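Work through the two exercises below with the structure in view. Each has a task and a stepwise solution.

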Amino acid sequence: MATDDPLQKTSPEPLAPTATDSAPLVRFDQVVKRYGAHVVLDHLDFAVERGQHVTLIGPSGSGKTTILRLLMTLERVSGGTIYVDGQPLSHMPGPDGSLKPASEKHQREIRKRIGMVFQQFNLFPNMNVLQNITEAPVNVLGLERAEAEERARDLLRLVGLEEKITAHPTQLSGGQQQRVAIARALAMRPDILLLDEVTSALDPELVAGVLDVLRDIAHSTDITLLCVTHEMNFARDISDRVMMFDSGKVIESGPPEKIFGEPEHERTRAFLSAVL
Ligand SMILES: Nc1ncnc2c1ncn2[C@@H]1O[C@H](COP(=O)(O)OP(=O)(O)O)[C@@H](O)[C@H]1O
Ligand SMILES: [Mg+2]
């Protein structure tokens, strides 16, 4: 079926027979992450429902990036379990039903469903815009090149960069590169998009354009978002829920009106007065 929606799934197959519609899309269950003796995440529990937009706020060094990197399987948990759509990410069910460390293949399959945009855009420098966006859909998803290119054009329209399709990263501003990075992540049609301070490395005058694109995506698609940002107005606009994070734990969580308007915890108040 032809569709105009660049995010429309072509094959919404469940990951495995045990995955259920009722499971949250992401669930952290007593997740611990340590670097040596340094405990970064301390028995962390939270869930993100399908289609929800959740923003993580909190001081620098509090472990926000670590949460996203664990979800991308760029890091392994020290304890506890992360579930994606009901499936354990770092472990897999063994024949006897107990959880065994996950195989590379299991992790790869789950990772296909997750897209991430980083503070540093990390475009492939030797490829033009079109190649940056089509590379993974062709080589990882096995899409026909023509279909991948059509998808890329739709996404470039979405991020307002149709005319840059043959440009190389060095010919683009930071804001344009970041919009290509967003299109590149969306080209995989992820179920969940992770955004890690995607405007923090940009010149101030380029921030608004990138945030506008993200607002548009948040409001016009059903993608699930887990977002780390210091842009509090943006967080207020797009979030269903804001989680205030500090010292390895979620210390307060609620709708943006509540967290920004009537925060309960002194640490949240102190953090907000420092950044607002
Ligand atoms: N690879 C690593 N090795 C050792 N310590 C790390 C590593 N990555 C992150 N950390 C530490 O973990 C803590 C949380 O980092 P991070 O998740 O990047 O925080 P945030 O994104 O909230 O600023 C920091 O104290 C950081 O120094
Ligand atoms: Mg960070």
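**Exercise 1.** At what angle do the axes of helix H3 and helix H4 cross? Classify the pair and list the contact.

*Solution.* This is a predicted model; local features need pLDDT of at least 70, side-chain atom pairs count only at pLDDT 80 or more, and totals for chains, interfaces and linings use all residues. Residues are numbered from 1 along each chain as its sequence is written, and chains are lettered from A and ligands numbered from 1 in the order in which they are written.

Step 1. H3 covers residues 129-139 and H4 residues 145-158; their axes cross at roughly 130° and come within 9 Å.

Step 2. H3 is therefore oblique to H4 (under 35 degrees is roughly parallel, over 145 roughly antiparallel, 65 to 115 roughly perpendicular, the rest oblique).

Step 3. List the partners. H3 brings Leu 130, Ile 133, Thr 134, Pro 137 and Val 138. H4 answers with Arg 145, Ala 148, Glu 149, Arg 151, Ala 152 and Leu 155. Contact means C-beta atoms, placed from the backbone, within 7 Å.

Step 4. Sort them: 7 are nonpolar, 1 is polar and 3 are charged. Ala, Val, Leu, Ile, Met, Phe, Trp, Tyr, Cys and Pro count as nonpolar, Asp, Glu, Lys and Arg as charged, and the others, Gly among them, as polar.

**Exercise 2.** How far apart are the axes of H3 and helix H5? Describe this pair too.

*Solution.* Step 1. The axes lie 8 Å apart, at an angle of about 25°; H5 spans residues 174-186.

Step 2. H3 and H5 are therefore roughly parallel.

Step 3. Val 129, Asn 132 and Ile 133 of H3 touch Val 180, Ala 183 and Arg 184 of H5.

Step 4. The contact has 4 nonpolar residues, 1 polar and 1 charged.

Notes
Axes fitted to C-alpha atoms, helices over the stretch in contact; angles between N-to-C directions. Helix = DSSP H or I, 4+ residues; strand = E, 2+ residues; numbered from the N terminus. Contact = placed C-beta atoms within 7 Å.
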